Amino acid sequence: MKHSRQIDHLPAAINLTKLHNKYANIEIKHLFIEDPERFANYSLEASGLFLDYSKHKINEKIMSALLSLAEQAGVEKAKQDMMSGDKINFTEKRSVLHVTLRKLSKNNINPGDEILSKIVAVRERMRDIAYAVNSGSWKGYSDKTIKHVVNIGIGGSYLGSKDVLSALEPYHSANLSYHFVSNIDPTDLTKVIAKVDLESTLFIVASKSFSTLETIENAKSARKLLVNHGCPESKIQNHFIAISTNLEATKAFGIAEENTLPMWDWVGGRYSLWSAIGLIIVIIIGYDNYLSLLKGAENMDEHFLNAPIEKNMPIIMAVLGVWYQNYFNSQTHALISYDSRLKDLSEHIQQVDMESNGKQVNQQGNKVDYDTGAIIWGGVGTNDQHSYMQLIHQGTRTVPIDFIIPVKSFNPLESQQQWLLANALAQSKALMEGKTEDIAYDELIDSGKQQQYAEYLAKHKVIAGNKPSSTILMKQLTPETMGALIALYEHKVFVQGLIWNINSFDQWGVELGKELSSPIMEQLTGTASLNLNADSSTAGLINMINSYLKN
C-alpha cells in the first residue's frame with residue numbers, strides 16, 4: 001500500500017517506492033562487506049570540502065533513482081535559470097541572485113553588467129567603511145575611535161553574519177568587539193549596551209524597508225540611549241550606518257545618505273549575508289578575508305553549476321534528504337559540528353532550510369500530499385553525545401545526521417583535537433553498527449555479571465544501529481571553506497524545493513505574525529479597544545497581561 005506522504009508527481013518516484021519496499025531494511029554495515037570500495041564509490045571532494053555519504057541506506061539502484069528525481073525535477077535548467085537572473089521566485093516575480101553577490105571571477109553566467117557594477121560599488125563602500133573603522137579614522141561624537149560594533153537586525157539580517165563571525169574567530173580584528181541585537185525583548189539590547197562604551201560604538205541597522213518592527217524599535221532605543229548619554233543630534237550620524245532602500249526613513253532617523261548601503265529585492269533575507277548585510281563581517285575579519293569567504297561560496301556555485309549530477313555535492317545531499325523525508329518519514333535532520341566555532345551553524349541553516357521549504361502548496365497552487373521541508377536542528381559535538389544523541393542511538397526515530405568536521409584546529413592542544421576527531425568518527429560508526437543483544441550479553445558475562453542479570457540488562461543495552469549519517473570534512477575552518485559550506489547547504493535546499501515542486505524563495509507564513517502583532521499591540525497599549533470578536537484565548541490573554549502591567 002502506498003505511503004500517503006511519498007512523492008508521486010515524478011516518474012522516478014514510482015521506482016523509488018518499489019525500491020523502498022524492497023530495501024527498507026537494508027543493513028548499511030552489510031553494504032560495506034558486499035562492496036570493499038564502498039567508501040570510494042560514495043564519497044567526493046569539492047571546493048575544499050570532502051563528503052562521505054557511504055553510511056546511508058542506499059545502493060547503486062537507489063542512488064540512480066534518487067538522482068533521476070533531481071533530473072526529472074529540472075535541476076539542470078533551474079540552476080542555469082537562477083544564475084542567469086531569471087525570475088525563479090515566481091510568486092513574487094523576482095530574480096534570485098544571491099549567487100551573483102559572491103561572484104569574483106569571470107566564469108559564472110553573467111546576469112547583467114548593470115547588476116554586477118552595483119554589487120561591486122557596494123562592496124567597495126563596505127571595504128572603505130571597514131578601513132575607516134579599523135584605521136581609527138571613523139570617530140564617535142566625542143572624537144573617540146570606534147571600539148564596538150553592534151548589528152541591529154533580525155532573521156537573515158543577523159543569523160548568517162553571526163554564524164560566519166563565530167566560525168572565523170581566529171581572523172577577528174584585535175581592536176574591535178562585536179555584538180548582535182535581534183530580539184525585541186528589551187533584555188537583548190540592555191545586555192549589549194552594558195558591555196559597550198556608547199561614545200565608541202557604531203550601530204549597524206539592517207532593515208530593507210527600515211520598518212521591521214523588532215529592528216526599528218531596537219534602533220530607536222539605541223538612538224535614545226546615545227542622545228541621553230550626551231550625543232548631539234547633529235552627531236548621530238557618527239554612530240549609525242543603515243542597510244536599507246528607504247532613504248527617506250534613514251534620513252529622518254539621522255543617518256547620512258553616505259552611511260546608507262542598499263539592499264535589493266532579489267536578495268532574500270536568509271541569503272543576505274552575501275550582501276551589504278555582511279558589512280559587520282567585513283569590519284571584523286577584514287576585506288581580504290571577506291573576499292576569501294565569497295571565493296569559497298563562488299567555488300561551490302561553480303561546482304553546483306558544472307559538476308555532473310552523480311558527482312554534484314549539493315544534489316547528492318538533497319536527494320538523500322528526500323529519501324529519508326519522503327520514504328522513511330524521518331521529518332528531522334541534524335547538523336552536528338565538531339568545532340565549537342560552528343556553534344551557530346545549525347541555527348543559521350535552520351532558517352535557510354525551514355524558511356525556504358516549509359511550504360504546503362506547489363508551483364501550480366495546489367496543496368501537496370507529501371512532506372516537504374525537514375525540521376533542521378543540531379549543535380556541537382562532543383556536548384551532543386551527552387544529551388540528545390541517546391535518543392538517536394536508542395530511540396524509535398530515524399534522524400539522518402551531517403557530521404561536520406574541520407580536521408586541523410587553530411589551538412595547539414593536539415591530543416584534545418585528536419580525541420575530538422576520534423569522538424566524531426566513533427559516533428557515525430556507532431550509529432551504523434549498533435550493538436546486538438548477544439554482544440551485550442557476552443560483554444556483561446565477561447565483566448563478571450550473573451547470568452540472570454546479564455540476560456535482563458542485555459536487552460536494555462541493545463542499540464539497533466543502521467542509522468544513516470554523512471560526514472563532511474574540511475582541512476581547516478577558514479573563510480574559504482566556510483563560504484563553501486554555507487553555499488553547499490543553500491544549493492541543497494534549492495534542489496529539494498525543485499523536487500518537491502515548491503517555491504523555496506518566498507516566506508508568506510512569516511508575514512502573518514507581523515500582520516497580527518500591530519492590532520494586538522494597539523489593544524495592549526490602550527490605543528484601541530479590545531476586540532470582543534477575537535478568539536477568547538487572545539482576548540483573555542490581553543486582559544491578563546494588562547492586569548499584570550497595572551499592578
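At 47% relative accessibility, Q390 counts as partly exposed, a class lying between buried (under 20% relative accessible area) and exposed (over 50%), with a 1.4 Å probe and protein chains only. Q390 belongs to helix α16 (residues 389-394); helices here are DSSP runs of H or I with at least four residues, strands are runs of E with at least two, and both are numbered from the N terminus. Between the C-alpha atoms of Q390 and D344, which are 46 residues apart along the chain, the separation is 22 Å.

The model is predicted, so that local features need pLDDT of at least 70 and side-chain atom pairs count only at pLDDT 80 or more, while totals for chains, interfaces and linings use all residues. Residues are numbered from 1 along each chain as its sequence is written, and side-chain values use heavy atoms, with hydrogens and water left out.

**Salt bridges**

D344 is also part of a network of salt bridges that links it with K162, K343 and E347. A salt bridge is a side-chain nitrogen of Lys or Arg within 4 Å of a carboxyl oxygen of Asp or Glu. The whole structure holds 22 salt bridges.

| Pair | N to O distance |
|---|---|
| D81 and K77 | 2.7 Å |
| D301 and R102 | 2.8 Å |
| K429 and E433 | 2.8 Å |

D301 and R102 form a salt bridge. Because D301 lies in helix α13 (residues 287-306) and R102 in the loop between α6 (98-101) and α7 (113-135), the pair ties together parts that are 199 residues apart in sequence. Both D301 and R102 are buried.

D81 and K77 sit 4 residues apart in helix α5 (residues 75-84), and are therefore separated by about one helical turn. D81 counts as buried at 15% relative accessibility, whereas K77, at 57%, counts as exposed.

K429 and E433 both lie in helix α17 (residues 414-433), 4 residues apart, about one turn of the helix. K429 is partly exposed at 43% relative accessibility, and E433 is partly exposed at 32%.

**Nonpolar surface patch**

L512, L516 and I520 make a nonpolar surface patch of about 250 Å². Patches are made of residues with over 30% relative accessible area and no salt bridge, nonpolar side chains (Val, Leu, Ile, Met, Phe, Trp, Tyr) being joined within 5 Å and like charges within 9 Å. Accessible areas come from the Shrake-Rupley method with a 1.4 Å probe. L512 is found in helix α21 (residues 508-525) and, at 48% relative accessibility, counts as partly exposed.

**Cavities**

A search of the whole structure finds 4 cavities of 30 Å³ or more. A cavity is a set of points, on a 1 Å grid over the protein atoms alone, where a 1.4 Å probe fits but cannot get out; lining residues have an atom within 4 Å of a point. A volume is the space filled by probe spheres set on the points.

The largest cavity has a volume of about 80 Å³. Its lining has 13 residues, of which G321, Q325, H333, A374 and Q496 lie nearest the centre. At least two lining residues come from each of α14 (313-327), β8 (332-337) and α20 (479-499), and α14 gives the most, with 3 residues. The lining divides into 5 nonpolar, 6 polar and 2 charged residues; Ala, Val, Leu, Ile, Met, Phe, Trp, Tyr, Cys and Pro count as nonpolar, Asp, Glu, Lys and Arg as charged, and the others, Gly among them, as polar.

Methods
On a 1 Å grid over the protein atoms alone, a cavity is a set of points where a 1.4 Å probe fits but cannot get out, and a pocket is an open set with protein on both sides within 12 Å along at least five of seven lines; lining residues have an atom within 4 Å of a point.
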